[in-house]
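Hi,

Here's the structure I promised to pass on.

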Amino acid sequence: MINLILFGPPGSGKGTQAKRLAERFNLLHISTGDLFRYELGNNTPLGQEARKYMERGELVPDEITIGMLRNKLEEHPEVAGYIFDGFPRTIPQAEALDKLLASKGQEITALIALDVPDEEIIRRILLRGKESGRADDQSEEIVRNRISNYREQTVPVYEYYAASGKSRTINGMGEIEEIAERLAGEIEALA
Ligand code: ADP
């Protein structure tokens, strides 16, 4: 079992890379951002609640996010491992994830962070906003708010897993293919 956290600021390429890695290493890709967007798209009560936060570039409250994640894990008990993308984003989420995995006799194998400078992130997200119409990718102000929330609430998750020697960082700049190879190299080194 390999359970990975793909870590990094918004727009660092986690989603793109997680999809590839999931296929290559036969892992289940779990993106909380995608799960929330699915709920929003279907206008479910959970989606209506999440929308209020997402539109402003704020994090959705932990209890909502953790509950959704727990349901998702229970839907797929028989996988070879997980790749978490956009989760955990706070220390309480990391603690809840560790507990959930421990209850199944599992643990996080490694957290891999993609290192990308702020100016590049803003450029990529505003471009993605033009192409996809994603509401939270439209204004520089919302994007800057997401980056500042990342620094305050999410970066501590890197330190949390670093305490047990599980965190590492790779260069997230370059061609998609090139970054995919860097990531695969890290994962192969874990096995
Ligand atoms: P990005 O990484 O580009 O910011 P995501 O698709 O991962 O985008 O997430 C979009 C939005 O969904 C976040 O800004 C936040 O509002 C919400 N969200 C996603 N994952 C979480 C999480 N683990 N905890 C709280 N909110 C989340």
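Predicted model: local features only at pLDDT ≥ 70, side-chain atom pairs only at ≥ 80, totals over all residues.

Residues are numbered from 1 along each chain as its sequence is written, and side-chain values use heavy atoms, with hydrogens and water left out.

Ligand first. It is surrounded by 20 residues (a heavy atom within 4 Å), the closest being Thr32, Arg37, Glu58, Gln93 and Arg128. Among the polar contacts (N or O pairs within 3.5 Å), a polar side-chain atom of Arg128 is 2.8 Å from a ligand oxygen, and a backbone N or O atom of Val60 is 3.0 Å from a ligand nitrogen. The protein covers 96% of the 540 Å² of accessible area the ligand has on its own (Shrake-Rupley, 1.4 Å probe).

Now Phe84. Leaving aside neighbours within four places in sequence, Phe84 is in contact (heavy atoms within 4.5 Å) with residues including Leu69, Leu73, Leu97 and Ile108.

Cheers

Note on methods:
Polar contact = N/O pair within 3.5 Å; in protein donor to acceptor, adjacent residues only side chain to side chain.
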